[in-house]
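Subject: Structure for you to look at

Hello,

Here is the structure I said I would pass on. Please open it alongside this email and follow the notes below.

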Amino acid sequence: MKIALLGNPNTGKSTIFNLLTGLKQHVGNFPGVTVDKKTGILKTEDRSIEVVDFPGTYSIYPRSKDEEVVYNVLSNPADQNYPDALLVIVDASNLRRNLLLFTQMYDLGLPIVLVLNMTDIAERKNKSVNIEKLKEKFPDAIIVTSNARVGLGKNRIIEAIESIGTRKENRFIESSILKEKEDFLGQEEEAKERFRKIDLLLTDIVIVNEKVESKSNKIDRVLVHPVFGFLIFGLILITIFQFIFTFATIPMDFIDGAFGYLSANLDSLLPAGELTNLLCQGIIPGIGGVVIFIPQIALLFFFIALLEESGYLSRVVFIMDRLMRPLGLNGKSVVPLLSSVACAIPGIMSARTISDWKERTITILVAPLMSCSARIPVYTILIALVIPNERVFGFVNLQGLVLFGLYALGTISALVIALILKKIIKTKEKGFLLLEMPSYKNPQFKNVGILVFEKVKVFIFDAGKIILAISIILWALASYGPSGRMQMAEQNVMKMSSSELSVDEKDQLLASARLENSYIGIMGKSIEPVIKPLGYDWKIGISLITSFAAREVFVGSMATIFAVKDGIDESTLIEKMRKELKADGTPVFTLASGASLMVFYVFAMQCMATLAVVKRETKSWKWPLIQVVYMGALAYFAAWITFIILS
Amino acid sequence: MQTLNQISNGQSVLIKAVSNSELKIKLIELGLIEGQVLSVLFRAPLGDPMAIDIDGSVLSLRLSEAELIQVDHLTSLG
């Protein structure tokens, strides 16, 4: 049996979905839309029932592209997702609005279960619902109550599902037929008629005792306060970033070390050969390159889920909306963009909450312009190389100022590009806010845990294979070259190097020669004419190509090219880079070329993992490709202008 | 006739009509329908958007969206 799970947003629908299916969830696609299709299996004593979670909506008629899936599936019995029965979650504290969707569902004529959820909140609002009367009004529905957040009602819901039989012919509105998707006038009449009947019926069912000022209202007076509102949001952000930067590095270093250890040990255990090389230098580091992102994704989503579960996230949207609107974005873009300062991957994945397609696409397109943590090693080494360590105005450290400038440049460009994209991207939908602000609740850690688990799983399995594939290609390009060329280069090194060199030094020279003569080395050399106007030579060219795997690889590639042991001795690398001369005897790394390179890294889309995630979130290669092209063009011209101005 | 965006915080009003626009049907489906009573709770720090209480649930909407909703003061009903 297949059951469709439906309900308004903020009714506890996903809590109930988690309650029923636990970790037996699968994320797939609905055809034609970018919303995920979450399916779970509910095992009862004698059967297993498929539960399909539909996006939360206020009506069966779609008001956004993502909501269309509800209408498309339920209006078409031939659809592969067409359910055998409906499970509609209704917020007991707001029966009137919730019953609109429920009565529409009731009139579809499918077997139906009404779950009256959040009865505790209704009580807190001094509202009581007369269930017996409700049952009288909807004789064909099985009605149960639950308080899913504290785990109450699970068994009642399962029993209700098990008792589903054939549907009788009662309707809420007799001979009601489903309107066409475009028939807005008809839909409006229908909504009004339903509300009229619902209002009549509710006088019997809901008793509102004396109205009390809710706790949420009192909290809101502080959290959306003109001064304290922003202050508290700022403090929360600082705390989150502090956590991510402090604690994500611990597991990340561990993962880095573990995969390095595994590669090295397998390499010495297995017989030497191409297959061993592929495994130890291509596949294992490639998997490591996927796994390394998990700590940041998990931590960031842990916090996002906490904020969302508590109800605070909608207040962030509320206080930030006016600031984001001139840029073609709304308050919901704030969290994805700010998350991207840690890492664009969870940032882009969290753009899921933006219901408007255009605003979501713009947010995803500009998010990687926010300077992420992977750029820090690149910025640091270049700043140390070309920016003098002195003070300006007597107290500001110049190097720190430049670093701040790079972050500011990224942020400002993200906002400006958003504004431009707002004009370019056409859509039929009109952006709106109209958002429900749920009352504050204690977060449910089970929901938080399941969300984190699901996001990590989606990243590993959907984006991970693309990342792995690209990293193996990059490895092959860096390890192989045209036949004979590498061997000749190696022999040259052996001949030239005197016996005074230690084994280590010889190895480093060999690695450098190999990289120079690999396919990537040849590519780096052949793009030299293109990047020369930016002040770069072929060595930088090679590092630009290799750092497509991840920006920080730039430093490692530079170390290999300059025959310095990577990660151990950064000052030696800086010394060698500083001494590097062009053919005419002038240094390669000047203020102009160094700054140009920094600006290049602010803009360029040098991250295949982000591309893979954009592909997964937009469900098409179109947007990641557009991103590579526009960010690449931006990087090139901005770097070029920087070089011209400074030289 | 006043529109919802002109109502100050803390006041309760009655919806008279919702102006024609693409958003009309969406507003209606959220329960913003003729005859409904609502109260304005608070506004965001920059004065926009605003939050209203309708039937005990809190909705936030931009001033441009609130402008579509024509309202009457409860007291003026007599």
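**Strands and the contact between chains**

In chain B, B:Val13 stands opposite B:His73, which belongs to S6(B). Please keep in mind that this is a predicted model.

S12(A) and strand S5 (residues 57-61) of chain B pair in the antiparallel sense over three bridges. Within S5(B), B:Val58 is the bridge partner of A:Met437.

Next, the contact as a whole. How many residues does each chain bring to the contact? Chain A brings 33 residues and chain B brings 27 residues. On the side of chain A that touches chain B, the elements that each supply at least two residues are helix H3 (95-106), helix H7 (184-205), helix H8 (215-223), helix H9 (228-247), helix H13 (312-324) and strand S12 (435-437). Which element gives the most to that side? H7(A) does, with six residues.

The residues on the side of chain A that touches chain B can also be sorted by type: 15 are nonpolar, six are polar and twelve are charged.

Regards

Notes:
Residues are numbered from 1 along each chain as its sequence is written. Chains are lettered from A and ligands numbered from 1 in the order in which they are written. This is a predicted model: local features need pLDDT of at least 70, side-chain atom pairs count only at pLDDT 80 or more; totals for chains, interfaces and linings use all residues. Two residues are in contact if their C-beta atoms, placed from the backbone, lie within 7 Å. Helices (H or I, at least four residues) and strands (E, at least two) are DSSP runs, numbered from the N terminus. Ala, Val, Leu, Ile, Met, Phe, Trp, Tyr, Cys and Pro count as nonpolar, Asp, Glu, Lys and Arg as charged, and the others, Gly among them, as polar. Two strands pair if DSSP finds at least two bridges between them.
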